[in-house]
Each structure stands twice: as structure tokens, then as C-alpha cells.
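Let's look at this protein together and ask where its labels come from. Have the sequence and the 3D view ready.

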Amino acid sequence: MITREQIATVLDHPVHDARGDKIGDARHVFFDDMTGEPEWVSVRTGLFGTNESFVPIHDAALVEDHLEVPYAKDQVKDAPNVDIDAGGHLSEQEEQRLYQYYGIDWDASWQDPSGTRQAQGTVGTAGTVGAADDAMTRSEEEMHVGVERREAGRARLRKYVVTEEQQYTVPVRHEEVRVEREPITDTNRDSAMTGPDITEAEHDVTLYEEQPVVETRAVPKERVRLTTEEVTEEETVTGEVRKERIETEGTDEHGDQRRRH
């Protein structure tokens with residue numbers, strides 16, 4: 001159980017469930033008006049701490065720098081919302097709702113050692129160290145804005161093959177037959193007169209030509225990879241915060257009591 005001396009260590013510190021998961025941060029500690037002992041702690045939950053849930057502090061323990069309660073995180077976050085009056089107290093009906101939600105025997109919790117049911121005491125706001133303290137605590141909600149990382153999309157590299165038609169002009173050569181005639185002269189007479197005088201004869205000439213040949217080879221051209229870079233942009237978020245105001249009745253603007261003349 002948390003003592004009054006440990007309240008300062010509890011407020012604005014993390015609250016964990018029985019499994020060690022963080023539920024939120026302790027906002028207020030409420031005392032029993034009859035015994036003066038801590039009875040409830042309100043825990044800020046939600047992404048930006050916008051919700052406030054009540055959880056019994058009787059079986060809680062202070063572990064290092066956080067408060068540990070014997071209830072599951074989801075159970076605390078789903079606790080019923082209760083109304084607190086202007087004096088910072090829970091009504092008997094609201095407190096009974098919380099007892100029923102957490103499975104605590106309402107009647108057994110208000111039995112004294114002699115077995116006589118004690119009168120119902122209201123539960124006061126945190127920060128009331130003495131029973132006779134008549135000060136009123138004014139609180140304000142503060143908006144805390146954070147960011148969460150989530151998946152925005154995926155990128156993938158995919159390689160596929162396309163066929164393109166390319167044209168190249170290359171020179172090709174071929175051989176053609178050309179008939180050359182030369183008259184008989186003293187220079188070539190001997191060669192021309194060899195062999196029989198009249199005969200039939202054939203002479204073959206092989207012709208050659210060039211043809212274009214296409215050959216393809218895979219040649220590395222570039223390397224492609226995916227990388228990520230962080231880009232910082234500014235976004236404006238809007239939220240509502242509640243502030244308590246304290247006004248006086250029966251006094252003037254300086255706080256002095258008005259006198260009747």
C-alpha cells in the first residue's frame with residue numbers, strides 16, 4: 001500500500017500493470033476522508049494522455065521509479081468515467097461504481113474490526129496533506145504532442161526484359177565476274193599458242209561475298225538500389241485542454257469580505 005509520504009514520488013510518474021506494461025502516468029491521488037489514507041489514483045492514458053482512469057491504490061506498490069498496480073492495462077483504460085464535484089470529491093455512487101468494476105466487495109471494504117459498517121466517507125483530491133487543509137487546488141490540462149512511426153508504403157525493385165529493334169548499317173563486299181580481253185601481241189604470243197589449235201574448254205572462277213552477322217552479348221550497364229532518406233515536414237495539430245478557474249463568492253475583487261452598510 002502507498003503511504004502519504006510516498007505521494008510525491010507517485011505523482012507524474014509511470015504506472016505499470018501486473019505484467020510490467022506501462023498504463024500511463026499518475027495524475028492525482030485521492031484520499032479517504034474517514035481514514036485519511038490514499039484510496040485511488042487517476043492515470044492519464046491514451047496517445048497524448050487525454051484520458052484519465054481511476055484505479056485502486058490499496059494494493060499498489062512503488063517499484064523503483066514507477067507505481068505497479070495488480071490490474072491489467074486494458075482493464076484500467078476501460079474503467080468507467082466518473083464525475084468529480086467542485087470540491088474534488090467522488091460521490092458515494094461514483095465510488096461504488098468503481099468498486100463494482102474492479103470486483104471489490106463494497107460492503108466488506110467498509111467493515112471495521114468489530115464488524116460494524118462504518119459511515120461512508122468521500123474521497124478527496126490529491127495534495128491534501130492535512131485533514132484540516134482548506135486550500136483548493138487548481139489544475140490545468142497540458143497538451144503533449146508526440147509522433148508515432150507507422151508504415152506509409154512500400155517500394156520494390158523489379159527487373160524485367162523488353163525486346164527492342166535496332167538498326168545498324170555495315171558495309172559488305174562481294175565479288176563479280178568481269179570479262180577482260182587482250183589482243184595477241186609479241187609479249188603474250190607464246191602463251192596464247194600453247195595447246196591445240198581448235199578445242200573446247202571451260203574455266204571456273206569462284207565468287208565470294210560478305211553477309212552481315214548479328215551476335216548479342218550481355219554487357220553490364222549500371223547498378224540500381226533502393227535507399228531511404230528522412231524528410232522533416234511541419235504539421236499543425238489542434239487539441240482541446242481544460243483549465244480550472246476559481247471564483248469567490250461574498251468577497252470583492254481583492255479578496256476582502258464585503259460588508260453590509
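**Putting labels to the test**

Q: Why does Tyr99 count as buried?
A: This is a predicted model, and in it Tyr99 has a relative accessibility of 4%. Buried means under 20%, so Tyr99 counts as buried.

Q: What makes the pair of Trp40 and Tyr99 edge-to-face?
A: The planes of the two rings stand at 90°, and their centres are 5.5 Å apart.

Q: Which parts does the pair of Trp40 and Tyr99 tie together?
A: Trp40 lies in strand 3 and Tyr99 in helix 3, so the pair links parts that are 59 residues apart in sequence.

Q: How do you know whether Trp40 is buried or exposed?
A: Trp40 has a relative accessible area of 1%. The cut-off for buried is under 20%, so Trp40 is buried.

Q: Why is Leu11 called partly exposed?
A: Leu11 has a relative accessible area of 23%. Buried means under 20% and exposed over 50%, with partly exposed in between, so Leu11 is partly exposed. Leu11 lies in the loop between helix 1 and strand 1.

Q: What makes the charged end of Arg4 sit over the ring of Phe31?
A: The charged end of Arg4 is 4.5 Å from the centre of the Phe31 ring. The distance limit is within 6 Å, together with a limit of 35 degrees from the ring normal, and this charged end does sit over the ring.

Conventions
Residues are numbered from 1 along each chain as its sequence is written. This is a predicted model: local features need pLDDT of at least 70, side-chain atom pairs count only at pLDDT 80 or more; totals for chains, interfaces and linings use all residues. Side-chain values use heavy atoms; hydrogens and water are left out. Helices (H or I, at least four residues) and strands (E, at least two) are DSSP runs, numbered from the N terminus. Buried means under 20% relative accessible area, exposed over 50%, partly exposed in between (1.4 Å probe, protein chains only). Rings of Phe, Tyr and Trp (its six-membered ring) pair if their centres lie within 6.5 Å; planes under 30 degrees apart count as stacked, over 60 as edge-to-face and the rest as tilted.
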